[in-house]
Amino acid sequence: MGAAALLAGAAGTGNAAAGPVPGTPAPDPCSPTPAPPGSGASPCPPARYQPLCGSPTDDDPLWNDVRYCTNGTIPPPPQLPPDCLKTTPDYVVLHGKPENTHNYLLVPACRITGIECPFLLTPGVENYWDDAWQNARNGGSVPVQYPDIGLGINSQGARSLNQLHIHMAGVQASTQRRLQELEGMGRMAFRPSDWAKPGNQALITGRPGTGDRTYRILRLPNLAQNLFGLLYDNVVRPAGLDMANETLIVVPKMSTSGFAGAFYVLSSDTSLHDGTSTCDNLLVYT
């Protein structure tokens with residue numbers, strides 16, 4: 001099945017509750033049959049999405065970690081069982097590499113390869129971005145202990161693991177300052193429909209050695225909307241781009257007193273002059 005045929009959907013949100021502990025058998029979280037309404041578990045991709053979203057029988061190492069955390073399936077040797085920092089019916093939280101207090105991953109309990117999976121655009125899909133923020137924020141279940149927080153996902157070509165994972169990490173203070181400067185200059189979109197306009201694109205300096213890269217910048221008051229859907233509807237589809245090539249980054253706006261009640265949502269790809277397909281230039285893992 002072609003990508004164009006599968007990328008026909010709309011966005012939606014969901015929520016999560018506490019899940020089973022490792023070693024406790026549980027139903028396969030990626031059954032093609034959606035969970036009943038009100039169960040707390042989001043539906044997972046049905047079989048027709050498997051050409052782009054992967055199969056629950058795949059042997060990707062990160063997917064093996066998810067299966068261990070959700071139903072106790074031991075990863076095949078030499079892979080070792082992970083530390084399951086949080087497990088819910090919708091997602092698990094794991095350590096990133098290197099392991100420290102500002103490098104974590106939020107991984108769906110559904111089999112979803114990555115940003116290219118069209119199931120992410122369908123109604124009722126779990127809101128993994130808000131889940132990541134609720135865990136990473138000060139007071140969250142797995143807080144990122146860094147002055148400024150960044151959430152990010154890589155493009156298909158820039159990632160090394162083929163199970164969707166949102167990086168929950170730090171960002172440099174200079175990134176936070178630059179975004180607030182751009183906001184003051186009106187150099188970002190305040191409506192999703194304006195996200196792709198050239199006036200809302202700007203260079204942002206990354207970590208040392210990564211250079212300046214161009215990002216499309218959108219300011220949102222919250223993460224209630226499906227960011228994958230906003231990206232596809234307002235950037236990818238109008239420009240005839242490929243969702244698989246996109247990187248997406250969320251930087252919560254901060255003040256001296258803490259979270260300032262807004263989010264900067266950055267997208268980029270190599271179709272932009274000085275664009276990038278990876279979130280790794282801005283996020284701080286070490």
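## Disulfides

C53 and C117 are joined by a disulfide, with an S to S distance of 1.9 Å; a disulfide here is a pair of cysteine sulfur atoms within 2.5 Å. The model is a predicted one, in which local features need pLDDT of at least 70 and side-chain atom pairs count only at pLDDT 80 or more, while totals for chains, interfaces and linings use all residues. Residues are numbered from 1 along each chain as its sequence is written, and side-chain values use heavy atoms, with hydrogens and water left out.

The link of C53 and C117 is right-handed, with 90° about the S-S bond. C53 belongs to helix α2 and C117 to the loop between β3 and α4, so this pair ties together parts 64 residues apart in sequence. Helices (H or I, at least four residues) and strands (E, at least two) are DSSP runs, numbered from the N terminus.

The whole structure holds three disulfides.

| Pair | S to S distance | Torsion about S-S |
|---|---|---|
| C53 and C117 | 1.9 Å | 90° |
| C44 and C110 | 2.0 Å | about -80° |
| C69 and C84 | 2.1 Å | about -90° |

The disulfide of C44 and C110 is left-handed. C44 sits in the loop between α1 (3-6) and α2 (50-53), and C110 in the loop between β3 and α4 (128-136), 66 residues apart. The disulfide of C69 and C84 is also left-handed. Its partners are 15 residues apart, C69 in helix α3 and C84 in the loop between α3 and β1 (86-87).

Burial is given by relative accessible area: buried is under 20%, exposed over 50%, and partly exposed in between (1.4 Å probe, protein chains only). C53 is buried at 0%, and C117 is buried at 1%. C84 is partly exposed at 24%, whereas C69 is buried at 0%.

## Residue R219

R219 is in strand β7 (residues 212-220) and is partly exposed, at 22% relative accessible area. The side chains of R219 and E183 make a polar contact of 2.6 Å; such a contact is a pair of N or O atoms within 3.5 Å, and within protein one must be able to donate a hydrogen and the other to accept it, with residues adjacent in sequence counting only if both atoms are side-chain atoms.

## Lining of the largest pocket

A pocket is an open set of points on a 1 Å grid over the protein atoms alone, where a 1.4 Å probe fits, with protein on both sides within 12 Å along at least five of seven lines; lining residues have an atom within 4 Å of a point. The largest pocket is lined by 24 residues, with H95, G96, K97, L105 and L161 nearest its centre. Helix α3 gives the largest share of this lining, three residues.
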